[in-house]
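Here are my notes on this model, point by point. Please read them with the coordinates open.

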Amino acid sequence: FLGSIDTLITPSKLKTMTYRTPIQSNAGLDVYEGPQKDHTYLLTADVSRGTSNDYSAFLVFDVSEMPYKIVAKYKDNEIKPLLFPSKIYDVARAYNQAFVLIEVNDIGEQVATTMQFDLEYDNLIMASMRGRSGQVLGGGFSGGRSQLGVRTTKAVKRVGCSNLKQLIEDNKLIIEDLDTISELSTFIVKGQSFEADEGCTDDLVACLFMFAWTCDQTYF
């Protein structure tokens, strides 16, 4: 098990994280736990261009009670942004119409727009810019400039990373997925921020820190 130094999560914690085999694996989707009745789920998605450099990924979290846990993961570097929304849509619907938060920095905007207007998915979480308080999550009714997802700014990443550290080290978030754990072990300090070590990817970690940032919002 090889990791990097200066990781976001302390090495002693990374050492104790165990992974298990998914109950179902198919075309990039790993399921660790099927949808349970009356549970609330949240899906966070990180979108790439589908040119096999980085991955389009999403994680499904069960947020019904503490500790939160990851129940499904999707990761694929070939999927085109045109097909990604229907993948998210199918999984989100299966998990009791999960709340969906999409990162809309680059091509993600297209995915969010497709989810909202073509697939008419109801539970998209929106964020609006609120001047000094930065981005605020909401259902899109809060006034201000709303967008169909969250834009990963330095502030979002900073808050997300520090919350993620706290969630994982205090055992408030259970991660039993091998890919996610190995990405965390190479997610290191770079200057004022964190990113993947040379030659590694951090697409699943991006989904994680978006989730951690969300946990901090009043709307959540």
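1. Glu103 touches Ala45, Asp46, Val47, Gly108, Val150, Thr152 and Met210, leaving aside residues up to four places away in sequence. Contact here means heavy atoms within 4.5 Å. Glu103 sits in the loop between strand 6 (99-102) and helix 3 (108-118). Helices (H or I, at least four residues) and strands (E, at least two) are DSSP runs, numbered from the N terminus. Glu103 is buried, at a relative accessible area of 10%. The cut-offs are under 20% relative accessible area for buried, over 50% for exposed, and partly exposed in between (1.4 Å probe, protein chains only).

2. On provenance: this is a predicted model, where local features need pLDDT of at least 70, side-chain atom pairs count only at pLDDT 80 or more, and totals for chains, interfaces and linings use all residues. Residues are numbered from 1 along each chain as its sequence is written, and side-chain values use heavy atoms, with hydrogens and water left out.

3. The whole structure holds 7 aromatic pairs. Rings of Phe, Tyr and Trp (its six-membered ring) pair if their centres lie within 6.5 Å; planes under 30 degrees apart are stacked, over 60 edge-to-face, the rest tilted. Phe58 and Tyr74 count as stacked because their ring centres are 5.1 Å apart and their planes lie at 20°. This pair links distant parts of the chain, 16 residues apart: Phe58 is in strand 4 (residues 56-62) and Tyr74 in strand 5 (residues 68-76). Phe58 is buried at 0% relative accessible area. Tyr74 is buried too, at 1%. Phe58, Tyr74 and Phe84 form one aromatic cluster.

4. What lines the second largest pocket? The lining is Lys154, Lys157, Arg158, Cys161, Ser162, Gln192, Ser193 and Phe194. A pocket is an open set of points on a 1 Å grid over the protein atoms alone, where a 1.4 Å probe fits, with protein on both sides within 12 Å along at least five of seven lines; lining residues have an atom within 4 Å of a point. Helix 4 gives the most, with 5 residues. The lining divides into 2 nonpolar, 3 polar and 3 charged residues. The volume is about 210 Å³, taken as the space filled by probe spheres set on the points, which are joined across faces, edges and corners.

5. Cys215 is partly exposed, at 22%. The whole structure has 0 disulfides, taken as cysteine sulfur pairs within 2.5 Å.

Technical notes. Nonpolar A, V, L, I, M, F, W, Y, C, P; charged D, E, K, R; others polar.
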